[in-house]
There are 2 protein chains.
Amino acid sequence: MSKPEQRPYHHGNLREELLEAGMKMLETTGARDLSLRELSRELGVSHTAPRRHFPDKQALLDALALHGFALLGVAIAKALKDRSLDFKTRLVKLGRAYVGFAVKHPALLSMMFAAKHHDDAPAELLAAAERAFAPSSLAFEDGQAAGDVIPGDSKDLSLLAFTAMQGLVSLSHNGIFRGEKIDLLIGGILEHLILGLKPRKEPAR
Amino acid sequence: MSKPEQRPYHHGNLREELLEAGMKMLETTGARDLSLRELSRELGVSHTAPRRHFPDKQALLDALALHGFALLGVAIAKALKDRSLDFKTRLVKLGRAYVGFAVKHPALLSMMFAAKHHDDAPAELLAAAERAFAPSSLAFEDGQAAGDVIPGDSKDLSLLAFTAMQGLVSLSHNGIFRGEKIDLLIGGILEHLILGLKPRKEPAR
DNA sequence: AAAGAATGTTGTCATTGACACCATTGTTTC
DNA sequence: GAAACAATGGTGTCAATGACAACATTCTTT
């Protein structure tokens, strides 16, 4: 009569599954309507079980954001890992990686930034963001060493590039791109950016 | 005993004051935590009074967004109204106007876009957004007529400019700018953009 | 003046996040 | 190996919220 596999008192892997299901719910219903109780129901635990792993809702969101920055960091590092490529090629790879991530995880990305800018964001989260973007600064330093990039703080220059990409992303949310058009724009925008970043001892080519 | 000015049964100006107080609450507590009941309390009406003017919370947000697009439209039109100026000057004015708006009303702006991209956004809202950005397309057409801008759909080019500006705005949210630094960047970024937009019958200057 | 439209109110419901307190299981230490 | 304790899960409850129905008051229109 009793089910052969009645769930034991302890779930065993609740934290992990909360993150997994949370990620799914984030992308479907948005960060705003992510409900802890709904998650609990899905995983078949009581409505307060998540509290043992995440003191409040923001803590779960922070954990998801942390995971997001880790994912993004891997994507960025992978795009930039080949230091033998020329600067422009690397920059375009970086752009594709970032825009690709943004298109794949729109709700996650915006939640990541929201969490990071939250008043009392955990230091861990800020550090994760820092870490994720670090390879980009290094690439810009490589570009400066090769004479392809104007002098200046490499972190600032890197942020400039992400500015352009972020604008592109926000445009894509506006549903402007029918299909693959966005991929072409990445190259175009970065081309403009590179023109602007080139040292100008003589008038830019 | 009775107060000399007991509020009459009908508030008289509830819709207006809801919008006004809602705008304030939006900028202070954010769109997410804007509470209809809290607004009702502030204005001294019952918790369901807003329902006569806005069927649900989203309707109030939509109305606020509509107002926001009207404000933004005025700012954009004002920045571009002098058609005798050269293209670059007008573009910089546009940039300052947009970034200025974004810095002044951060929560409103992000809510405006969220509302606009909401699944069942009212057509009125989409039209308002369209209207607000229209002067920019016209300015780009002026630029094309003067030979300062490459051919192409003026709406797309206009969006490209807003892309750059939007990226700048998202950067500013990252707290990168100590003080007036952002104002300098506006010129810088648009300079790059203009370089890219210049027709290139011969190598760009 | 009467009818009906606008506009506000009271009361209620389900959902949610948070909390205090209790129950069960795993782990550590003597 | 058993007792103490930590870790993890559950029950019950609370206040806040958005939404709704049913009813009250005032304004407008005919």
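The model is predicted, so local features need pLDDT of at least 70 and side-chain atom pairs count only at pLDDT 80 or more, while totals for chains, interfaces and linings use all residues. Residues are numbered from 1 along each chain as its sequence is written, and side-chain values use heavy atoms, without hydrogens and water.

Start with chain B. Helix H3 (residues 57-80) packs on helix H5 (residues 106-117) at an angle of about 115°. Their axes, lines fitted to C-alpha atoms over the stretch in contact, lie 9 Å apart. Angles run from 0 to 180 degrees between N-to-C directions. Helices are DSSP runs (H or I, at least four residues). Contact means heavy atoms within 4.5 Å. On the H3(B) side, Leu61(B), Ala65(B) and Phe69(B) are among the contact residues. H5(B) brings Leu108(B), Met111(B), Met112(B), Ala115(B) and Lys116(B).

Now the charges. The structure holds eight salt bridges over all chains. Each is a side-chain nitrogen of Lys or Arg within 4 Å of a carboxyl oxygen of Asp or Glu. In chain A, Arg41(A) pairs with Glu38(A) at 3.1 Å, N to O. They sit three residues apart in helix H2 (residues 36-43) of chain A, so about one helical turn separates them. Arg41(A) is exposed, at 55% relative accessible area; Glu38(A) is partly exposed, at 32%. Exposed means over 50%, buried under 20%, partly exposed in between (1.4 Å probe, protein chains only). In chain B, Glu38(B) and Arg41(B) also form a salt bridge, at 3.1 Å, N to O.

Finally, Asp142(A) bridges to Arg83(A), with the closest N and O atoms 2.7 Å apart. Asp142(A) lies in helix H6 and Arg83(A) in the loop between H3 and H4 of chain A, so the pair ties together parts 59 residues apart in sequence. Arg90(A) joins Arg83(A) and Asp142(A) in a network of salt bridges.

How values were computed. Chains lettered and ligands numbered in written order. Helix = DSSP H or I, 4+ residues; strand = E, 2+ residues; numbered from the N terminus.
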